[in-house]
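Visitor: Hi! Could you walk me through this one?
Guide: Happy to, here it is.

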Amino acid sequence: MITIITTRNELYKKSELIVIFTMISSLLSVICVIIAILFLNKCKKIFQIENNLIMKNLDQMKETIDLLRVQKHDYMNHLQVILMQITNGNTEAAKKYILGMAECSKNSVTVFNTGNNYIDAILNLKNTKCLKYNIDLTACVDSLLEDTNLDDTQLSSILLNIIDNAIDELSKNNKSYKYIHLDTYKENNKHNISIKNNGKMIDDTQKIFKMGFSSKGNNRGYGLFYIKQILESNNCSIEVYSDEYETEFNIQVPIK
């Protein structure tokens, strides 16, 4: 009789252990599924961010190409005028026309020629937009940002995003003088990129890098998050300094 009771107790304990093990296994399975779903959602968001930035870069390239086409068409018209004057023997008129074109070009738009084709394309494209909002875009390029782990596409994404954000902010600002200034230089075996503007002060310079944070509305705020991911994955750093007078994005890129 005692043996039967003991056997029943053991069976009951084994059944309890099986139930507990089953519950724990089920709970762990649910947790694993939840983690997997969260991970996939995060990967999906990151993929969407990357895709959006790629599309943005393509749009910027299209704008650049369209701008070059307009300039080409304009210059072809000027060349035809000059050719007609020379053909008709009006060399002095042709010379005067050419000098007038040069003076007009000199006084109207600053053309950037830093030595880095990507930086030049970005600055010249964005300068057109800056002129629309009376923003003074300047640059002092002492480093051409060569010998880094960043490729040209990544570098373009970084510069475009930060400059675009500055333009968006300053376009709503009523200051009499508005500026964006780009500095690149070498220091302590690193390329330094400094982008300054005199727009509104950023209250929380850490929060702006969080995924989805934006002061511009819904479905925004992924650019700076992605930029930080790019930089940190390439052993680079980014810091932001902001007060009531000026905001500076300072990026340090190790030289290979």
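Visitor: Let's start with E232. Where does it fall between buried and exposed?
Guide: E232 is partly exposed, because its relative accessible area is 48%. Buried here means under 20% relative accessible area and exposed means over 50%, with partly exposed in between (1.4 Å probe, protein chains only).

Visitor: And what does E232 form a salt bridge with?
Guide: With K228; the closest N and O atoms are 4.0 Å apart. The term covers a side-chain nitrogen of Lys or Arg within 4 Å of a carboxyl oxygen of Asp or Glu. K228 and E232 are four residues apart in helix 5, so about one helical turn separates them.

Visitor: Before I go on, what kind of model is this?
Guide: It is a predicted model: local features need pLDDT of at least 70, side-chain atom pairs count only at pLDDT 80 or more, and totals for chains, interfaces and linings use all residues. Residues are numbered from 1 along each chain as its sequence is written, and side-chain values use heavy atoms, with hydrogens and water left out.

Visitor: Thanks. Which residues of helix 5 are buried?
Guide: Helix 5 covers residues 223-233, and its buried residues are G223, L224, F225, Y226, I227, I230 and L231. Just after helix 5, N235 has a positive phi of about 60°.

Visitor: How many helices and strands are there?
Guide: The protein has five helices and five strands. Their order from the N terminus is α-α-α-β-α-β-β-α-β-β. Helices (H or I, at least four residues) and strands (E, at least two) are DSSP runs, numbered from the N terminus.

Visitor: Back to salt bridges. How many does a search of the whole structure find?
Guide: The search finds two. Besides K228 with E232, the side chains of K126 and D164 meet at 2.8 Å, N to O. K126 lies in helix 3 and D164 in helix 4, so this pair ties together parts that are 38 residues apart in sequence.

Visitor: Are K126 and D164 buried or exposed?
Guide: K126 counts as buried, at 3% relative accessibility. D164 is buried too, with a relative accessible area of 5%.

Visitor: What about the ends of helix 3?
Guide: At the N-terminal end, N116 is the cap: one of its side-chain oxygens lies 2.9 Å from the backbone nitrogen of Y118. Just after helix 3, N134 takes a positive phi of about 60°.

Visitor: How far apart are the end C-alpha atoms of helix 3?
Guide: They are 23 Å apart, which agrees with the 22 Å that its 16 residues should span at 1.5 Å a residue. The expected span is 1.5 Å times one less than the number of residues.

Visitor: New topic: which residues form the nonpolar patch on the surface?
Guide: I20, I24, L27, L28, I31 and I35 form it, with about 560 Å² of accessible area together. Patch members have over 30% relative accessible area and no salt bridge; like charges are joined within 9 Å, and nonpolar side chains (Val, Leu, Ile, Met, Phe, Trp, Tyr) within 5 Å. Areas come from the Shrake-Rupley method with a 1.4 Å probe. I24 lies in helix 1 (residues 2-87), and I24 counts as partly exposed at 46% relative accessibility.

Visitor: Last one: what does T148 touch?
Guide: Leaving out residues up to four places away in sequence, T148 touches H191, V253, P254 and K256, where contact means heavy atoms within 4.5 Å. T148 sits in the loop between strand 1 (135-141) and helix 4 (152-171), and T148 counts as buried at 13% relative accessibility.

Note on methods:
Polar contact = N/O pair within 3.5 Å; in protein donor to acceptor, adjacent residues only side chain to side chain.
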